[in-house]
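Subject: Structure handover

Dear colleague,

I am passing this structure on to you, and below it you will find notes on what came out of going through it. Please look at it first and then read on.

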Amino acid sequence: MIKVDLSGAKDFFDAAGPDFAAAAAAHRTLETRSGLGHEFTGWLDLPLRIKDGELKAVIAAADKIKRLGQVLLVVGIGGSYLGARAAIELLKTPSHNSISGSTEVYFMGNTLSPDAISELVAVLGDKDFCVNVISKSGGTLEPALGYRVAKSLLERKYGRNTAKKHIFVTTDATKGILHDIAVNEGYEMFTVPDDVGGRFSVLSAVGLLPMAVAGIDVEAVINASIQEMHDLDLRSPDNPAWQYAAARQNLYSRGKSIEILASYEPSFRYMAEWWKQLYGESEGKNGIGIYPASVEYNADLHSMGQYVQDGPRTLIETVVSFRQSRTEYKVPFEMGDADGLNYLAGRDFSSVMQVAMDAVKAAHISGGVPNIGISAQSRDEAGFASLVCFFEMACALSAYISRVNPFDQPGVEAYKKNMFRMLRQEA
Ligand code: PA5
């Protein structure tokens with residue numbers, strides 16, 4: 001289970017401290033499905049439903065995709081790609097695609113840059129590949145055009161009929177343009193449940209199919225998620241989701257309007273991207289909301305460290321770590337000790353990193369930045385599941401505490417409408 005450490009934030013709370021009564025009320029609202037956007041709270045029991053539902057078919061499709069080629073192209077944007085990418089980078093490695101023997105997974109449909117599209121097509125070269133088109137609405141422009149590109153490449157390579165066997169679609173069960181195309185073309189289909197919004201959908205086929213292709217044990221992810229959701233139902237200030245949600249809302253009321261999610265693991269980069277979407281789209285509305293940003297330490301200590309230490313005092317620093325390292329790596333001994341660092345020789349990097357983390361935490365707190373610590377047990381399937389469930393639960397509670405609908409995104413719809421109108425006018 002996730003542990004939340006508020007010791008570095010306590011001096012920044014108001015006299016009353018985090019409002020656990022508000023967290024309890026938000027939890028009740030969520031559980032009784034009586035709050036704003038309650039029709040999109042299906043993620044609460046999604047792990048249980050998927051276990052009895054599509055999980056086996058997802059694993060079978062992943063095996064088929066691996067047999068059909070060396071590459072899977074995932075076409076999707078926002079909640080229809082960030083979770084899978086986050087999982088693959090965290091649990092495999094950001095260099096997953098260069099590790100021999102693994103099925104490579106690339107992401108398209110999240111950009112309109114012709115350079116990025118051409119470069120990806122060049123990377124594909126003449127490799128055998130499959131495509132997983134993911135869109136809940138089925139009408140988002142970027143993945144719709146990505147699908148066109150992918151389909152044309154497949155048809156050129158395999159011919160129209162065989163190409164169909166290389167396309168897997170994840171979309172709404174009954175409606176939408178992508179749904180209708182998939183039915184007409186006879187593509188293998190998976191569903192984004194009606195009651196689950198895009199950014200809460202990583203534990204459905206949306207995230208699980210690409211993850212399974214990359215070699216992640218999705219059954220282990222789901223089993224751990226079932227346990228995690230059960231544990232997060234705890235009605236007490238000991239609930240880590242209550243602690244995080246109530247703490248950040250308290251800090252927000254004290255003028256801390258930007259939260260930077262920091263991690264010392266480079267493999268966490270896309271988890272932070274996933275988190276930014278989850279919190280940004282869920283909370284940033286009606287003129288309020290903490291702005292979610294991210295940094296990757298130690299690298300960003302030498303680019304953003306100055307701002308964090310010394311810039312406007314509007315920041316909350318939330319540091320995600322793993323209590324157990326996967327591997328050991330010792331600092332090498334150097335004959336002659338030219339750099340004077342032999343006092344570290346033989347010491348494991350994890351212990352050097354821990355000292356860096358403690359030093360940064362103390363410095364930033366003394367610079368006026370409250371620090372929230374979040375730790376998962378280990379960088380594995382269970383650790384991933386615990387982070388996903390925890391962040392989703394805390395996000396919904398936090399949004400309800402601030403009285404916004406966590407599950408809509410009217411601002412995103414506004415840009416989509418404008419773009420389609422302007423493109424049609426030009427045509
Ligand atoms: O959280 C959401 O619902 C959105 O951010 C979507 O994930 C994103 O807009 C992509 O939408 P779709 O899956 O409908 O193409």
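In H12, Met271, Trp274, Trp275, Leu278, Tyr279, Ser282 and Glu283 meet Phe384, Leu387, Val388, Phe391, Glu392, Ala394, Cys395, Ser398 and Ala399 of H15, where contact means heavy atoms within 4.5 Å, and helices are DSSP runs (H or I, at least four residues) numbered from the N terminus. The residues of this contact divide into 12 nonpolar, two polar and two charged (Ala, Val, Leu, Ile, Met, Phe, Trp, Tyr, Cys and Pro count as nonpolar, Asp, Glu, Lys and Arg as charged, and the others, Gly among them, as polar).

This is a predicted model, in which local features need pLDDT of at least 70 and side-chain atom pairs count only at pLDDT 80 or more, while totals for chains, interfaces and linings use all residues. Residues are numbered from 1 along each chain as its sequence is written, and side-chain values use heavy atoms, with hydrogens and water left out.

H12 (residues 269-283) and H15 (residues 381-401) pack at about 20°, their axes being 10 Å apart (axes are lines fitted to C-alpha atoms over the stretch in contact, and angles run from 0 to 180 degrees between N-to-C directions). H12 is therefore roughly parallel to H15, a term for angles under 35 degrees.

As for the domains, an automatic or database assignment gives domain 1 (3-35 + 234-401) and domain 2 (42-222), and their centres, taken over C-alpha atoms, are separated by 30 Å. In contact are 27 residues of domain 1 and 27 residues of domain 2.

Best regards

How values were computed. Helices (H or I, at least four residues) and strands (E, at least two) are DSSP runs, numbered from the N terminus. Angles under 35 degrees count as roughly parallel, over 145 as roughly antiparallel, 65 to 115 as roughly perpendicular and the rest as oblique.
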